Amino acid sequence: MRVIGTAGHVDHGKSTLIKRLTGIDPDRLAEEKAREMTIDLGFAWLDMPDGDTLGIVDVPGHRDFIENMLAGIGGIDAVLLIIAADEGVMPQTREHLAIIDLLGIQRGIIVLTKTDLIDDPDWLGLVELDIREVVQNTALKDAPICPVSAYSGAGIPELIETLSEILAETPPRRDIGQPRLPVDRVFSMSGFGTIVTGTLLDGLLRVGEEIELLPSGLRGRIRGLQSYKQKVEFAYPGSRVAVNISGVDKQDILRGNLIVRPNQNATNSLIDVYLNYLPDANRPLKHNSEVKFFSGTAETTARVRLLADETIAPGDSGWVQLRLSSPVSVRREDRFILRYPSPPQTVGGGVVVNPTPAKRWKRFQSQVIDRLKTQKQGTQADRLAQLAEGTSPIKPAELQKRSDLNAQDFDIALQEAMANGLLVPLHDTLMAAHNYHQLLHLIRDLVDQHHQHYPLRLGISREEIRSRLDIKNATLALLLGSQDEIVAQDGVLRMSTHQIVFSAEQVKTINELLSLMDEAPFTPPSYSDAEGIVGSDVLIALIQIGEIIQVQPEVIFTRATFDVMVNGILALIDEHGGVSAKLVRDHFDTSRKYAIGILEYLDSIGFTKRVGDDRVRGKNAPQS
């Protein structure tokens, strides 16, 4: 389904032409009929020869109502630029052409109306020459000119045939599974309740599904759908849609609101854009100027933050961050228009580059401009890598949602990004390659520095690394699992090449300590005593490499003794059904301090479990 819009001067017969084409009078307001001019948006539809239905949005042509025009022209596939044969090009026509260009509307037909009022064929030829001169530098430079008379019907069949040809060349509206309906009209109907209308973008809507209203965040449900007065179960991108909503009152919805699926769209008061400033703007655009912002059906005021220029001269372009007075929901590549509020004038527009910037950018920062250039001009693969940036990996489904790509285009861009080394797969997630390599480099540096400062330590605490890099445990696990240079063992990270090497003097003191511990294996020296013999660094190293087991702050055993005690305690449990601290003390001829120390340690690692005053086998106990 397609939607076209009309543009043209108030006296050029737009509404009359639409009524001749469709049988529908788009002027629905009493004031419009009394003044014989379009004031607000009007809607009609035309059944085309190929069986498709063409939606028509009739927008106001008068300068006083240009902002109503902007609410209706943004979602169209093509435009009918209507010029009266008896008047020719009017000043308002030039503004309409500028708006068409700024909105990126590439297809259209120039309709020369009221030809029945012209008897001189040469006059029509002169008007057409004038039109060609006016449109020569616009998107409509090659648009066909169709002379018609809405009064007599002359030229109407040819216009419909030309419309068919134009629309046949128009690519289908994209469907990325994230429907948006910019609201251009809201009303209530007896027996139905709240109804909104708009041109559907980016996905299907279906009867019964939940919707969210932005920017308010109110939730409702689709009670019914109509497209061109026909009840439908599904509404497709590119069609005019009326949505009957339950759960939201009419007074809570305004033109400019957005109907979406819950949690699929963000709103923001900052957006990054590329602005084309019109040549006929009456003054240069200055930093912090106040403007009116229009996108889709939304309208708000904004402050202009020039990111790379002191000013932007008429006819020039530039990178701009807009600070909006009210939050809006837009997507990358959405088009927008800027107008000065006083005196009212359309001065520019362009394309949204980043709908959700992380912050208010500082001006004249080359890295900010480079990022924006990539977002606007880079490949889809470049953009995916940029969207994945951050210290946490991202799920492919979330990256697709951010990308505004359909499944097929996303898969192609994703494969290209990975093939070019822009994205790194980490299990079932993705990470921007430069973030991935930067984080691994930082981890290596921290581990290496720790080895240099503490050569007798096995490595650095995993938690210390996580805390210093401010990343999640799951992220650290994915990073470590993707390489083999850094080894994770018992909560400690070390380089795979790192080995603890003791000096000859240190080996001598170690042997002295181990001999003392072997002399009384179940009542060995305390931690403090051992530290006095070998020193703090050596004792920590012995504990980290597993030669000595520290079961409590002051209680240590050699590995061999610890293993004997563990096996003995588990055997006692199997024999007696459980053990007490007294039984362990007596069995190993030790003191209560050592018996309690090892039992509490075994409790902590799940080898034993305390039941009253006794211990039984724990869930982690080795099999007997």
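I began with aspartate 589, which I found in the loop between helices α18 (581-588) and α19 (592-604). Helices here are DSSP runs of H or I with at least four residues, strands are runs of E with at least two, and both are numbered from the N terminus. The model is predicted: local features need pLDDT of at least 70, side-chain atom pairs count only at pLDDT 80 or more, and totals for chains, interfaces and linings use all residues. Residues are numbered from 1 along each chain as its sequence is written, and side-chain values use heavy atoms, without hydrogens and water.

**Positive phi**

I noted that aspartate 589 has a positive phi near 50°, although this residue is not a glycine. Is aspartate 589 buried or exposed? Aspartate 589 is exposed, with a relative accessible area of 68%. (Buried means under 20% relative accessible area, exposed over 50%, and partly exposed in between, with a 1.4 Å probe and protein chains only.)

I then looked up aspartate 202, a non-glycine residue with a positive phi of about 70°. Aspartate 202 lies in the loop between β9 (193-199) and β10 (205-206). Aspartate 202 is buried, at a relative accessible area of 6%.

**Cis peptide bonds**

I recorded a cis peptide bond from leucine 214 to proline 215, with omega near 10°. Proline 215 sits in the loop between β11 (210-214) and β12 (218-227). Serine 342 and proline 343 are also joined by a cis bond, with omega about -15°. The loop between β23 (335-341) and β24 (344-354) holds proline 343.

(Two strands pair if DSSP finds at least two bridges between them.) Valine 424 has methionine 431 of β26 as its bridge partner. Two residues lie between the strands of this hairpin, and histidine 427 takes a positive phi near 55°.

In a regular strand, side chains alternate between the two faces of the sheet. In β26 (residues 429-432), Thr429 and Met431 on one side and Leu430 and Ala432 on the other are all buried, and both faces are covered.

**A sheet of three strands**

I traced an open, antiparallel sheet in the order β27-β29-β28. β27 (460-461) and β28 (486-489) are at the edges with a single partner strand each, so one side of each has no neighbour in the sheet. Two bridges pair β27 with β29 (residues 492-495) in the antiparallel sense. Serine 461 has valine 492 in β29 as its bridge partner.
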